[in-house]
Amino acid sequence: MFDSSPYTNVLAAASILIAMMASFATLLMLIKYRQYVKKAEFDLVDTIRRQQGMTLKYIKQGDHYIHTLMEGQLLEKMGLTPAMVTGKNLHQFYSKEDANRIEQAYSRAWNGEISDYEAQLNGVDYYVMLSPVKKKGKVVEVIGSGVDITARKRTEQIHEESLALKRALINSLEIGMVVTDCDMKIISINHRCCQLFRINMPIAEIVGKDLFELLHFYFQEHVEDQQEVNKIIANRQPVVNEMDRFGEQVFKRSYFPFYIDDELKGHIWALEDISERRAMERGIIETKEEAVKSNQAKSVFLSRMSHELRTPLNAILGFSQLLELEKTLTAKQRQFVDQIVRGGTHLLTLINDVLDLEAIEAGKMKMETETIRIDTVIDVCVRFISPLADSKGIRIVIEQTAADDCYVFADRFKLQQVFLNLLDNAIKYNRVKGTVAIHWDVKDGFLFVHVVDSGRGIPLSEQGQIFEPFYRSGHQQVEGTGIGLALVGQLIQLMGGTVAVESRMGVGSDFCISLPLVKAPGASRLRLLEKKAPVQLQDNEFTILYIEDNLSNMQLIQEILGTIPGIGFLSAATGAEGIELAFVQRPDLILLDINLPDLNGCEVFDRIKANPACEQTPIIALSANAIQDEIDRVLAKGFTEYICKPVDIPAFLSVVAKHLR
């Protein structure tokens with residue numbers, strides 16, 4: 001048997017060595033692991049520090065939450081460093097109000113809940129999510145992650161401000177607005193709409209309600225309107241109409257569907273209370289109707305007055321003209337007759353002016369325009385007015401200041417009427433042995449004609465009023481009505497011209513009319529105010545029937561026709577008598593008054609023309625009604641001519657002779 005002690009010792013030593021080597025290797029591995037962990041921790045912290053957001057950790061010590069970690073670029077944006085935060089509680093870098101609010105989220109997380117909060121520090125808005133870390137069911141720390149939401153907050157703020165502005169704008173409208181979705185749930189409504197429908201409910205409570213349910217009190221009374229609303233919605237086309245609310249208000253309702261990417265998203269309704277507008281329109285219509293009635297009454301009055309005045313004037317002027325033809329009159333008698341003619345003519349002119357003014361105001365004045373050489377019109381008017389000027393010792397002078405062959409496009413008779421009114425005023429308001437000067441010139445395509453008198457002048461304060469109807473200067477005691485100048489202004493305006501006045505007290509007045517110049521025509525028809533030459537008939541025998549109820553008018557026409565040889569005269573005082581005479585006597589010409597005691601003249605015309613034997617007989621209306629509408633109506637009936645009383649004897653005889661020939 002051998003001794004084993006040395007061998008045992010070697011084995012023990014080897015075991016110890018091996019154990020020592022193993023321990024050394026483990027120690028090396030542990031050192032390397034710790035270095036790895038430190039590096040990993042460093043890398044993690046560096047990563048956390050470099051992240052755009054923020055990572056934090058905290059624990060609870062006593063009543064405070066102490067940060068053990070806070071890193072990230074978000075921290076730098078807020079103007080903090082890890083050293084300023086680590087080991088600190090919230091109250092050390094937040095305001096008391098903000099710290100208390102954030103601590104509530106910290107507390108929930110420490111109690112095991114996942115919580116979050118939003119905060120702002122040094123102008124930076126951020127959002128933090130907190131997650132508890134538990135060991136053995138107990139929270140030992142909380143880890144949080146934060147992100148910068150400044151841009152989002154600014155966007156939300158802008159959006160909120162935009163919405164607030166839109167709400168303010170919509171609520172400031174006098175138009176009610178309501179927006180619904182496709183199911184008629186209210187998305188938005190303004191205060192005005194609530195007022196119009198008397199909805200006493202906060203808007204926040206209205207949003208989301210069904211429109212029909214909200215307004216059931218209205219649609220219960222207006223079932224047809226609800227059906228109309230459904231029809232409008234179904235058509236999906238913009239609509240503007242009107243609706244009544246219990247008969248108290250009238251709304252203008254506008255509907256617009258709104259789409260997003262061609263998909264219907266809802267409906268927009270706009271409601272405007274137009275009750276006052278409709279009431280005003282009704283008032284305007286009623287006022288207009290009253291004005292029309294008033295104008296019609298005025299026209300009827302003027303027509304009747306014209307008729308009533310013309311009827312006696314017909315006898316006055318007619319017999320006066322016949323007396324002028326008498327060769328046996330003495331000079332004094334001729335002077336009397338002349339005064340009668342002048343007075344009657346003045347009254348007739350006044351009547352015509354009133355009717356012309358009424359026709360212009362009613363828009364019924366007709367213009368027969370033609371190309372006119374201005375000197376021919378002025379010459380005729382001067383010759384016509386000269387006797388009046390001579391009787392007052394006033395000299396009329398035509399001053400040659402421009403070419404004679406100046407042409408205008410106007411109504412010859414109306415233009416003569418203008419110049420006669422101006423010349424008549426220039427003579428009436430002149431001084432004894434004064435002058436009236438007429439001259440014309442051309443400028444910028446217009447002809448300017450001046451009528452200048454040497455009278456007393458017109459005060460500056462009155463110059464703007466003299467063209468108004470019935471205005472007369474208060475200090476002048478001259479016959480007239482104030483119609484003449486008003487008529488001048490209206491007629492010149494209708495012919496495309498203007499009229500103006502310049503006047504100095506004690507010096508005189510200058511009335512100037514302007515009319516557009518035109519090129520000279522090849523020929524022009526002249527219609528002068530001169531009396532026509534006596535008519536001559538052939539040696540035939542003619543019979544004229546005059547149907548007239550006024551004895552003096554009948555006698556006048558008989559005397560006038562008696563001046564022409566070969567004319568037989570028949571008369572009838574009623575329409576029925578005239579019809580019978582026409583059928584029996586078969587006259588060559590019938591003169592017919594329109595206003596007869598039994599039948600209207602137009603009815604008499606129809607009955608006579610219904611007889612084949614009288615179908616071709618010319619019938620001339622001879623009436624004191626000078627209203628243009630009446631004249632047109634009678635001529636449209638088929639009358640051959642229409643002659644207004646008082647008759648101008650030469651013109652009357654010329655018409656009669658024309659139809660007898």
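**Group meeting: a walk through one predicted model**

Cys 644 is partly exposed, at a relative accessible area of 25%; buried means under 20%, exposed over 50%, and partly exposed in between, with a 1.4 Å probe and protein chains only. This is a predicted model, in which local features need pLDDT of at least 70, side-chain atom pairs count only at pLDDT 80 or more, and totals for chains, interfaces and linings use all residues. Residues are numbered from 1 along each chain as its sequence is written, and side-chain values use heavy atoms, with hydrogens and water left out.

I stay with cysteines for a moment. A disulfide is a covalent bond between the sulfur atoms of two cysteines; the cut-off here is a pair of cysteine sulfur atoms within 2.5 Å. How many disulfides does a search of the whole structure find? It finds zero. Take Cys 193, which is buried with a relative accessible area of 4%. The closest cysteine sulfur to that of Cys 193 belongs to Cys 194 and is 6.1 Å away, too far for a bond.

Next, the sheet. Helices (H or I, at least four residues) and strands (E, at least two) are DSSP runs, numbered from the N terminus. Two strands pair if DSSP finds at least two bridges between them. Five strands make an open sheet with antiparallel pairing, in the order E2-E1-E5-E4-E3. Its edge strands, E2 (64-71) and E3 (115-121), each pair on one side only. From one strand to the next, the twist averages 30 degrees. Axes are lines fitted to C-alpha atoms, for helices over the stretch in contact, and angles run from 0 to 180 degrees between N-to-C directions.

Within the sheet, E4 (residues 124-135) and E5 (residues 138-148) are joined by ten bridges in the antiparallel sense. One example is Leu 130, whose bridge partner in E5 is Gly 144. Helix H4 (residues 96-110) packs on the sheet and touches E1 (54-61), E2, E3, E4 and E5, where contact means heavy atoms within 4.5 Å. The direction of H4 makes about 155 degrees with that of E3. Helix H5 (residues 150-172) lies across E3, E4 and E5, and runs at about 125 degrees to E4.

Now some backbone angles. Most residues other than glycine have a negative phi, and most peptide bonds are trans. Which phi does Met 184 take in the hairpin of E6 and E7? A positive one, near 65 degrees, and the hairpin has four residues between the strands. E6 and E7 pair in the antiparallel sense over three bridges, and Val 178 has Ile 189 in E7 as its bridge partner. Met 184 is buried, at 6% relative accessible area.

Asp 444 also has a positive phi, near 55 degrees, and is found in the loop between E14 (435-443) and E15 (446-453). Is Asp 444 buried or exposed? At 70% relative accessibility, Asp 444 counts as exposed. The peptide bond from Lys 645 to Pro 646 is cis, with omega near -5 degrees. Pro 646 sits in the loop between E22 (641-644) and H20 (649-660).

Last, helix H14. The expected span of a helix is 1.5 Å times one less than its number of residues. With 17 residues (412-428), H14 should span 24 Å, and its end C-alpha atoms are 24 Å apart, which agrees. Because 16 of the 17 residues of H14 are buried, the helix is largely enclosed by the rest of the structure.
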